[in-house]
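Hi,

Here's the structure I promised to pass on.

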Amino acid sequence: MAGGKIRKEKQKGSNHFQGGIPFHKSKGQHILKNPMLVESIVQKAGIKPTDVILEIGPGTGNLTKKLLEAGKKVVAVELDPRMVLELKRRFQGTPLSTRLEVIQGDVLKCELPFFDICVANIPYQISSPLVLKLLDINQRQNFRCAIIMFQREFAMRLVAQPGDKLYCRLSVNTQLLARVFHLLKVGKNNFRPPPKVDSSVVRIEPRKPLPIPAGKLKEWNGLLSLCFSRKNKTLGSIFGQKKVLEMLEKNYRTLESLGQLMNDSEAIDIQKIVQAHTK
């Protein structure tokens, strides 16, 4: 499947190379070519000499080099075996090679080692699941922050406030579990090959302690899914639906039977609760 995509792109005559390696837009391979921008990202990350840095999608290592110079160690996760070989070749025989660990694999599927900070220019198609994975990781190990390049519209959703057009479930979830800051606007011409959209660099700082117990996040996500399930509908309209009320009552009864309800001295009529909060 992947091989077929690569052959197809070669036939189109793509001439985007670095170190003899063609880049493939279908895999989100857009390499930062502006050294001033790379320097700015590293500076805004606030990396300490003792930091272990997680980099996702390092490509040929333009950002990796600056990260290695700033921190103690870089753990680079790369899916493309060609890029893995190029990255190792670039730093082989240099003093920086001893501080670089390369993991070949899918960052969404592999187990990530401990890290203090994440700095990455990621394939944009993994933006949402990656943010959720990082916030989930923070429940087990505290990392300081993540500095990540996103597609501009996705970045704006992360930082959107109530009332904004782009405010959505992603905005609520991310801002509940982390502080989010927009750092830089990045034009498409800073990449090789240039993507079709502009980008933004965002800083994500996990909240400590979490405002919701880790075991309750699944329930919270379910509630948010309901709240944002019908665009332009009020919460009263959404929670007034018979199917929604039946589902909530069924879930409540299930938790009650499993003994997972805490600090409840008597049975609660879930319909009365919903009705009281949606009037």
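The sulfur of Cys145 sits 8.9 Å from the closest cysteine sulfur, the one in Cys118, so the two are too far apart for a bond. A search of the whole structure turns up zero disulfides (a disulfide being a pair of cysteine sulfur atoms within 2.5 Å). Cys145 is buried, at 0% relative accessibility, and Cys168 is buried too, at 15% (buried means under 20% relative accessible area, with a 1.4 Å probe and protein chains only).

Keep in mind that this is a predicted model: local features need pLDDT of at least 70, side-chain atom pairs count only at pLDDT 80 or more, and totals for chains, interfaces and linings use all residues. Residues are numbered from 1 along each chain as its sequence is written, and side-chain values use heavy atoms, leaving out hydrogens and water.

On confidence, the chain has a mean pLDDT (the predictor's confidence in each residue, from 0 to 100) of 82, and 82% of its residues reach 70 or more. Over residues 1–15, though, pLDDT is below 50, and it stays under 50 over residues 264–279 as well.

Next, Asp80: you'll find it in the loop between β5 (73–78) and α4 (81–91) (helices are DSSP runs of H or I, at least four residues, and strands are runs of E, at least two, numbered from the N terminus). Asp80 is buried, with a relative accessible area of 5%. Its side chain makes a polar contact of 2.6 Å with that of Arg82 (a pair of N or O atoms within 3.5 Å, where one must be able to donate a hydrogen and the other to accept it; residues adjacent in sequence count only if both atoms are side-chain atoms).

Cheers

Conventions:
Buried means under 20% relative accessible area, exposed over 50%, partly exposed in between (1.4 Å probe, protein chains only). Contact means heavy atoms within 4.5 Å.
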